[in-house]
Amino acid sequence: MNLLYLHPAPVPSSAANAVQVAKMCSAFGHAGAKVTLGVPLLQARDLAAQNVEEVYGLPAPLDIERFPLTRLPAAEFLFAMAALRSTGADTDLVYTRSITASALAARLGYATALELHAPACALRFLQIRRLRWLLHSPK
């Protein structure tokens, strides 16, 4: 299975979610999936320049692809679109923690898994709207 894990935040990072994302990618790979981690292309920063495997102590290297993430209002859509175009039809599953990325992937016909860390009642208006978009998509 070819899995694209979209994470619109830097990895590696000092944020706890970056550790969780890297460990999940490693676990998916250990289970037999071919995992590509899609993260933002950022200016050179101390952590971003480091080796993800060394920073988080992962047993195997991660396949990381970096895509532009701007400060525009539609930044996550553009980020997800660039990643989906790059990986193309080879992707069997798009896994993400981003409602925006999952809604777009599902609307484009990709099998999609969304990991939420908040109940739906805690989401903002646009997030709820995109979640509905995801729930009404064919995949």
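Tyr5 and Tyr95 are both buried; buried means under 20% relative accessible area, exposed over 50%, and partly exposed in between, with a 1.4 Å probe and protein chains only. The model is predicted, so local features need pLDDT of at least 70 and side-chain atom pairs count only at pLDDT 80 or more, while totals for chains, interfaces and linings use all residues. Residues are numbered from 1 along each chain as its sequence is written, and side-chain values use heavy atoms, with hydrogens and water left out.

A search of the whole structure finds 3 aromatic pairs. Rings of Phe, Tyr and Trp (its six-membered ring) pair if their centres lie within 6.5 Å; planes under 30 degrees apart count as stacked, over 60 as edge-to-face and the rest as tilted. The ring centres of Tyr5 and Tyr95 are 5.0 Å apart and their planes stand at 45°, so this pair is tilted. It links distant parts of the chain: Tyr5 sits in strand S1 (residues 2-6) and Tyr95 in strand S4 (residues 93-96), 90 residues apart. Helices (H or I, at least four residues) and strands (E, at least two) are DSSP runs, numbered from the N terminus. Ring pairs also bring in Phe28, joining Tyr5, Phe28 and Tyr95 into a cluster.

Phe67 and Phe79 form an edge-to-face pair, 6.3 Å centre to centre with 75° between the planes. Phe67 lies in strand S3 (residues 63-68) and Phe79 in helix H3 (residues 75-87), 12 residues apart. Both Phe67 and Phe79 are buried.

Now the sheet. It is open, has 5 strands in the order S3-S2-S1-S4-S5, and its pairing is parallel. Two strands pair if DSSP finds at least two bridges between them. S3 and strand S5 (112-114) stand at the edges with a single partner strand each, so one side of each has no neighbour in the sheet. Neighbouring strands are turned by 25° against each other on average, direction ignored. Axes are lines fitted to C-alpha atoms, for helices over the stretch in contact, and angles run from 0 to 180 degrees between N-to-C directions. S4 and S5 pair in the parallel sense over 3 bridges. Val94 stands opposite Thr112 in S5.

Helix H4 (residues 99-107) lies across S1, S4 and S5, at about 160° to S5. Thr100 is in helix H4. Its relative accessibility is 7%, so Thr100 counts as buried. Thr100 touches Glu76, Phe77 and Arg130, not counting residues up to four places away in sequence; contact means heavy atoms within 4.5 Å.

The loop between S1 and H1 holds Pro12. A cis peptide bond joins Val11 and Pro12, with omega about 0°. Most peptide bonds are trans.

Which residues have the most contacts inside the largest nonpolar core? They are Val11 and Leu37, in a core of 17 residues. A nonpolar core is a set of buried Ala, Val, Leu, Ile, Met, Phe, Trp, Tyr and Cys residues joined through side-chain atoms within 4.5 Å. S1, H1, S2, helix H2 (52-56) and S4 each give two or more residues to this core. The largest share, 4 residues, comes from H1. Leu37 touches residues including Tyr5, Val11 and Cys25, not counting those up to four places away in sequence. A second, separate core of 12 residues includes Leu6, Phe67, Phe79 and Leu84.
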